[in-house]
Amino acid sequence: MKKIVIGLLAISNIIFVSCSSDDDVTTPVDPAVVAPATYAFSRDGISTVDYNGQTTRIEMGDELISALTDNTKTEAQLDGMFAHIEGENNFSDADLNASNKSIRSKTAASSDYFSANTTDANAIKADFDTWIANQVTEVFPNWNIIATAGNAGNLQEAGGGATRYINGKGLEYNQAVNKGLIGALMVDQILNNYVSTSVLDAGTNRADNDAGIVAEGKSYTNMEHKWDEAFGYLYGTDNAENPILNEDSFLNKYVSRVENDADFTGIASEIYEAFKLGRAAIVAKNYTVRDAQANIIREKISEIIAIRAVYYLQQAKNFLDSDKAAAFHDLSEGFGFIYSLQFTRKPGTNEPYFTKSEVDGFIAELMIGNGFWDVTPATLDEISNTISAEFNFTTAQAGS
Amino acid sequence: MIKKIFPVVFLVLSIIACSSDDNTITTPPNEGGNDVVFSRASMLRNFADNIIIPSYQELSDNLDALEIAKDGFIAAPSQPTLDNFRAAWLTAYKSWQRVEIFDIGKAEEIQLNFQMNIYPVNTADVEANVSAGFYDLSSPNNHDAIGFPALDYLLYGVGATDIEIIEKYDTDPQAENYKDYLSAVTNRMKFITQLVLSDWIVNYQNVFAASTENNASSAANKIVNDFIFYYEKGLRANKIGIPAGNFSSTPLPDRVEAFYNQEISKELALDALNAVQNMFNGISTVDNAEGQGFKTYLQSLDREDLADLINEKFNAAREKMQLLDANFTTQINTDNTKMTEAYDALQAAVVLLKVDMLQAFNIAVDYVDADGD
């Protein structure tokens, strides 16, 4: 495997030199670690990259959010998809049914944030349980009734657009679950678990990695595998060596959305490069470079969440009067991204950009009274600006 | 979710011979005939006085006639009264093609386009409204159950034959409900059009003409954007691209405009292209005189080359569209390549309008593609 890395390094140097008209070749961040061209790593000719458990959970999530808008589903069926038990027929995909993975067990379950805070972890899991239950008890019975302030039902977007199914406050529970999981599952597991030293260096991981000792029966070291699991929560349904993005309904999709905003073009590549270099650093046993990449990943993925939170609040302002269904749909997505802010991670710290109680405060502001039926543009601006102020972007940049 | 829409362009065509409509296209004046110095104010004045308001007036008049024809049909459902109603519907629908571009002022405020021409019509919603006997036609939930497409269904689609259709309004157990719905839809179209026309005459005409600044909220910038948006979405995508399958994995032949009528989707699309080209060239709806428009605006910026090129593309698109079957559904089902060729010809002008023309005008695009989720 070392040979391969060196080989790729040599190739990339050749390319670099040949492209450069400048003799003064920039020195790499750390000459000891050079990322390969793609996220491909192997040992003795066998790939060491594996994140099938992450792919499985993303696929479970896709089935779950699709089922949330099928009003023939029962609460038990939806709960079974959220908290799958091995062998139960919760999904249409037999491989998912056979899996021993579950979404719920990894919801708000990171080592850094929740191993010593099961109180919040339980409260967050309970939020998802409640949204799922309420979808069945509040929204499904009113599926064919037009919603009004205080009463669940459906609203169709203007111009013959999509029909949205909302609770009495205008919230689409399916969006709360979908966008909330981006934070509670993907972001939390990546930023606060798998790229954390508490996980990467757990037990004898570092000594084993230094000695090239692989996990029992596997081609990878434990540390390599942990990093890959972080990678898998973002790219698990995508092409690891040439990510297409927008391949699932979770974080992968919204990296694509932000990338396609001209104000943030390049962010997708920054994230991918950091994953790649961090993994190469593990191979090179350079943990300084590894942890520097972890911080880049934390900063950039936190930005993805914050940008989308602000984006949806700002978009909703355009439709509050003219098109309630469109506005409420944006606000429901925004609700989920705001909820996800509590799982972000300021680089170099053990803290989110917004704490759970701050997030709860935003949610309370949005949902007071009749919720989205009552919310004002001033409130949406205030929350947007509060979020933007903690990041390197303006509300205007994120909002369009 | 359509975020915004817009402009229109007209072209001068090589033309008159190509047009089935007497009043849409005119030959341009002689070279060098633009003696009037161009100004944004004079362009907006020409649009308001000679294109927009006369076009709304014509639509309003035709909707008055439609209401009378509807009353005649309801009073005595029969083949002659049905034929009369259908003819009035077609006349009004054709005049609608001239105003859909102007999504500004009161029309933008009340979402006139969404209330007049969202297709495909949601026939399940129409039937549910009819059965219920009560409905709020102002609700966005009903945007796809009202307007010209709803009448298309009610006049051509509720029965397999004309006899069956007439029975719906005569001997059917729900005949009274059908008649009520027909009335409610028709009357609302007249009412909201009148609302927009009145606002233009009483209030907006001068506001519009004076709003010449170069910023995102000025009428000048908005009408330019409205024009391009309409060309791209209302004409190119809705009438041709979507049914031809350019935005889906397979063609969607039931998405054509006036699907139930089965004879006029091409005619309406050509009317729309003429409306676009006439506005581009500043041609009056009243007397076909050429005045200030996007063409003269480009000429004033020494971009006559671009104006000519855009007109060429419009003409080329018209030629492609004229090759199509009168019923786009038939065209798609027999030889969809001709549809996609028409789409490609329309698309050829999009970049010229959206990039080159806007750069020349130094105006920013004010709409984006919908998020899609």
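Two residues are in contact here if their C-beta atoms, placed from the backbone, lie within 7 Å. Keep that in mind as we walk through this predicted model, starting with chain B.

Where do they touch? On one side 29 residues of domain 1 of chain B take part, and they are in contact with 21 residues of domain 2 of chain B. Look at the domain 1 side and you'll find two elements that give two or more residues each: helix 9 (219-244) and helix 10 (265-280) of chain B. Helix 9 of chain B gives the most to that side, with eight residues. If you sort the domain 1 side by class, you get 18 nonpolar, five polar and six charged residues.

Stay in chain B and find helix 12 (residues 304-322) and helix 13 (residues 328-361). A pair of packed helices is described by the angle between their axes and the distance between the axes. For helix 12 and helix 13 of chain B, the axes come within 8 Å and cross at roughly 165 degrees. Angles over 145 degrees count as roughly antiparallel, and therefore helix 12 and helix 13 of chain B are roughly antiparallel to each other. Their crossing is left-handed. Helix 12 of chain B brings residues including B:Leu306, B:Ile310, B:Phe314 and B:Met321, while helix 13 of chain B answers with residues including B:Ala345, B:Leu352, B:Leu353 and B:Met357. Which classes of residue make up this contact? There are 16 nonpolar and four charged residues, and no polar ones.

Most residues other than glycine have a negative phi, and most peptide bonds are trans. The peptide bond from B:Tyr119 to B:Pro120, though, is cis, with omega near 10 degrees. You can find B:Pro120 in the loop between helix 4 (112-116) and helix 5 (123-132) of chain B.

Now hop over to chain A, where another backbone detail is waiting. A:Leu245 isn't a glycine, yet its phi is positive, near 70 degrees. A:Leu245 sits in the loop between helix 10 (222-235) and helix 11 (251-259) of chain A.

Chain A has packed helices too. Take helix 2 (residues 52-67) and helix 3 (residues 75-82) of chain A: their axes come within 9 Å and cross at roughly 160 degrees. That is why helix 2 and helix 3 of chain A are roughly antiparallel to each other. Helix 2 of chain A passes helix 3 of chain A in a left-handed crossing. Helix 2 of chain A contributes A:Met60, A:Glu63, A:Leu64 and A:Ala67, and helix 3 of chain A contributes A:Leu78, A:Met81 and A:Phe82. By class, that contact has six nonpolar residues, one charged residue and no polar ones.

Next come helix 7 (residues 173-194) and helix 10 of chain A, which pack at an angle of about 160 degrees with their axes 9 Å apart. That angle makes helix 7 of chain A roughly antiparallel to helix 10 of chain A. Their crossing is left-handed. Among the residues that meet are A:Met186, A:Ile190 and A:Tyr194 of helix 7 of chain A, along with A:Trp227, A:Tyr233 and A:Leu234 of helix 10 of chain A. The contact divides into seven nonpolar, one polar and two charged residues.

Strand 3 of chain A is joined to strand 4 (residues 163-166) of chain A by four bridges, and the two run antiparallel. You can trace the pairing: A:Gly153 stands opposite A:Ile166, and A:Gln156 stands opposite A:Thr163. Together strand 3 and strand 4 of chain A form a hairpin with six residues between them, and A:Gly159 in the turn has a positive phi of about 70 degrees.

Finally, let's see how the two chains meet. How many residues of each chain are involved? On chain A there are 12, in contact with 10 residues of chain B.

How values were computed
Residues numbered from 1 in each chain as written. Chains lettered and ligands numbered in written order. Predicted model: local features only at pLDDT ≥ 70, side-chain atom pairs only at ≥ 80, totals over all residues. Axes fitted to C-alpha atoms, helices over the stretch in contact; angles between N-to-C directions. Parallel < 35°, antiparallel > 145°, perpendicular 65-115°, else oblique. Left-handed = near helix turned anticlockwise from the far one by under 90°. Nonpolar A, V, L, I, M, F, W, Y, C, P; charged D, E, K, R; others polar. Pairing = 2+ DSSP bridges.
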